[in-house]
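Please open the structure in your viewer and keep the selection tool at hand.

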Amino acid sequence: MSDYFTPGSPILSITVCLILSWEKSIIRLKKERIIAVRRNVIIGFSIFCMICLFSISLSNNVIANEQASKDEVDELYRLFDVGNVSTHYVVAIDTSLSMKDSFSSVRDGLSALTDSFKKGDKISIITFDKDPKVIYQGAIEGSKNDFIKELPKSPNKEGRSTDIGKALESVTRQIEKSDEELQLVFFLTDGLDEPPDSSPFKKNSDSSWEGLRNKAEEIEGNDIKVHGIGLNSNTDIDLIKKIFPGTTQITLSPNELKNYFSSLKGEIREAKLMSELDKELRGGKIKITPEKDGGWGEIESEGRLEREYKIKSDYEHLSSLINLKAPRLMSLSSNRKKDVEDFRVRLVDDNEVILSPGESKIVTISVTAPEFTKSRKVGSVKETFDGELVLDIEATLLPESGLKSLETDPKVGVTGRRREISFYRMDGFPFTMAAIYVLAAVIFSGVIVRTVIYPVGKRIKKSVTLPPLTGRLAFSNAPENKNLPGPISLSSFGKSAVIGKTGDINIKGEGIENRHAEFFSKWVDGKPVVAIRRIDGSVRVSKNTIDVGKAVIDEIELQQGDIVDIAGYKIQWL
C-alpha cells in the first residue's frame, strides 16, 4: 500500500491535487460567504439608516404640524380675547349631614377654583339638602377668596335628606337669570337622592323631572358646561344627566378636589374659547348679493353680459378662504325655445379670495349668448330670458388647523348662492330701419328711372309713339336756274320725311346732296309739333331704309308759318 504514496507516484500526485483543489474551493467558498455576509450587512445597515431618516423626518413633520396647530390655537385665543369673556360660575354643594366628615376638604378644594376667576365674573353659591338655598350671588370684584368666605363652615345640622331634583331646579333658575356668555356649573354631592315626601321630585315622580328637563332645554347650549362630582362611589350624581345630558361626570374623594379644580384652569379657558367660537359659528355667515338690483339688460347674438356680485363675511373674528367654482345656469326660460346649455356662464375674476372679518369682495360673472336666428318680420319683438343662476362656493374658516385641533367641525353658512337672472334681446326688423330701407329703395329706384329708364323710354316714345306729320310744305323761293317746287303734303310721309337728293322729298339744287334736312313730328306739352333737323351729309335710300348724315347742324321746332332755308330754297310749314 505504501508504494502507492511514494514520491512521484500517480496516486500521490492525484491526491495532492485533489486536496489542493478542495482547499481552494473551501477558501473560495469562505470568501464568497464573507462577501455575501458583508453585502447583506451593508444592505441591512442601509435599510436601517433609511428607516431612521424617514422616522426622523416624519417625527419632525408631526412636531412641526403640532407646533403649527398650537400656534393657530393661541391665535384663536387672541382673536376672541378669551380673557375678557364674561363667565357665570354656579357652585351647588351638598350640605346634608353625610358631608360632615368631608366638608372641610370640600371647602379647601373649592379654593383652587378661584385661580380660574377673572374680575367681573359672576358667581352663584347654592347649598342643598332637603331644600336648596342660594347663599351668595354677585360679581367678583375684590379678592377671589371672598368666594370661600361665603361658604358655610359645616353642613346643615338639620339636613337629614338630600333632594337632588330641587337642587337642579335651583341651578337651572340661576342659569336662566344670567346674561353671561358662559355658564359653568359645579354640582357636588356625596350621597343618594333622598327627597322628602313633600318634594315634587320624590321617587317615581317622572313628570317633575320631565318638566325640569324641558325648561333646561330652552336655555341649554354649547355655552353651558356642567361638572357633576360624586364624592364617593355610591351617589346619584348621574341624575344630573336627566336634566343636562352633556354633563361631565366624575367620582373623586374630597382630598382630590383641590388638584382637580387646579387642573380645570386650562379646560375652563378652552370652554370660554369654545363658547365664543360657538357664538361666532352660529351668528356668522358668508352673504352673496348683487351690486345692483334689476335685470342684466339687453344681450345680442353671441354677445356677453356681466354682473357684479358682492361676497361679504359676517364673521366678527374669523377670516374665510373662499373658493369660487364655475357658476351654473340651473334654468332659463323664454317666450321662445332656448336651451340653457346654449348659454356660457363663467367667473371673470380669480376663483380664490380670502376675506378678513367683516370684509367684502366684488366678483364678476359673465353670460355669453349663442348665435340667434334673426327674424325677418317687420316690427321689434322683445324676447325675455328668466332663470336661476347658481354660484357654487366652498368656504373654509381660518385658521383651519387651529379649529381642527379643537375638534370642531365649523359649518360655514352661505346665503345667496341661488340668484334670479333676467335679460332680454330685441328680435324682428324695427319699423325705423324698415322705413330707412324703403326710402333708400325709393331713392335708388328714382335714380335708376331718371338716369336709365327715362332716357330709354324717351327714345322709345320718340320712335314708337311719335305723332304723324301734318300740314304741308310750301316753297317761296328757289336757287338760280332751279324750278320752284309746288306744295308738298307732309301727311303722306307718316312720321318723318327727308329732304335730299335721293330722300323722300327730292329737290334739285346746289349743295342739296350734302345739305339736306329731316322733317319729323314730336310731342310738346301734349301737342304734336313739326321739327326740322338740318344735317350735313349725304342721303342714301335703299329699299325702305334711309341713311342720312350724322352731323346735325341744328334742330328747330317749327311753328305754323315759320320759314327755313335749305340749300337756297325757302320752305314754309303751313
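Begin by selecting Asp81, which counts as partly exposed because its relative accessibility is 41%; buried means under 20% relative accessible area, exposed over 50%, and partly exposed in between, with a 1.4 Å probe and protein chains only. Asp81 is placed in the loop between helix H1 (10–79) and strand S1 (87–94). Helices (H or I, at least four residues) and strands (E, at least two) are DSSP runs, numbered from the N terminus. The phi of Asp81 is near 50°, a positive value in a residue other than glycine. Most residues other than glycine have a negative phi, and most peptide bonds are trans.

This is a predicted model, in which local features need pLDDT of at least 70 and side-chain atom pairs count only at pLDDT 80 or more, while totals for chains, interfaces and linings use all residues. Residues are numbered from 1 along each chain as its sequence is written, and side-chain values use heavy atoms, with hydrogens and water left out.

Next, select Leu398 and Pro399: the peptide bond from Leu398 to Pro399 is cis, with omega near 0°. Pro399 lies in the loop between strand S15 (393–398) and helix H8 (400–405).

Now display helix H2 (residues 103–110) together with helix H7 (residues 257–283). They pack at an angle of about 20°, with their axes 8 Å apart; axes are lines fitted to C-alpha atoms, for helices over the stretch in contact, and angles run from 0 to 180 degrees between N-to-C directions. H2 and H7 are therefore roughly parallel to each other, a term for angles under 35 degrees. Which residues make the contact? On H2 they are Val106, Asp108, Gly109 and Leu110, and on H7 they are Leu257, Lys258 and Phe261; contact means heavy atoms within 4.5 Å.

Move on to Met330, found in strand S10 (residues 328–334). Met330 is partly exposed, with a relative accessible area of 39%. Leaving aside neighbours within four places in sequence, Met330 is in contact with Glu388, Val390 and Arg418. Met330 and Arg418 are 88 residues apart in sequence, yet 9.1 Å apart in space, C-alpha to C-alpha.

Finally, select Trp296, Phe343, Leu389 and Phe423, which touch the most other members among the 42 residues of the largest nonpolar core. Such a core is a set of buried Ala, Val, Leu, Ile, Met, Phe, Trp, Tyr and Cys residues joined through side-chain atoms within 4.5 Å. A second, separate core of 29 residues includes Leu110, Leu113, Leu252 and Leu257.

Methods: Angles under 35 degrees count as roughly parallel, over 145 as roughly antiparallel, 65 to 115 as roughly perpendicular and the rest as oblique.
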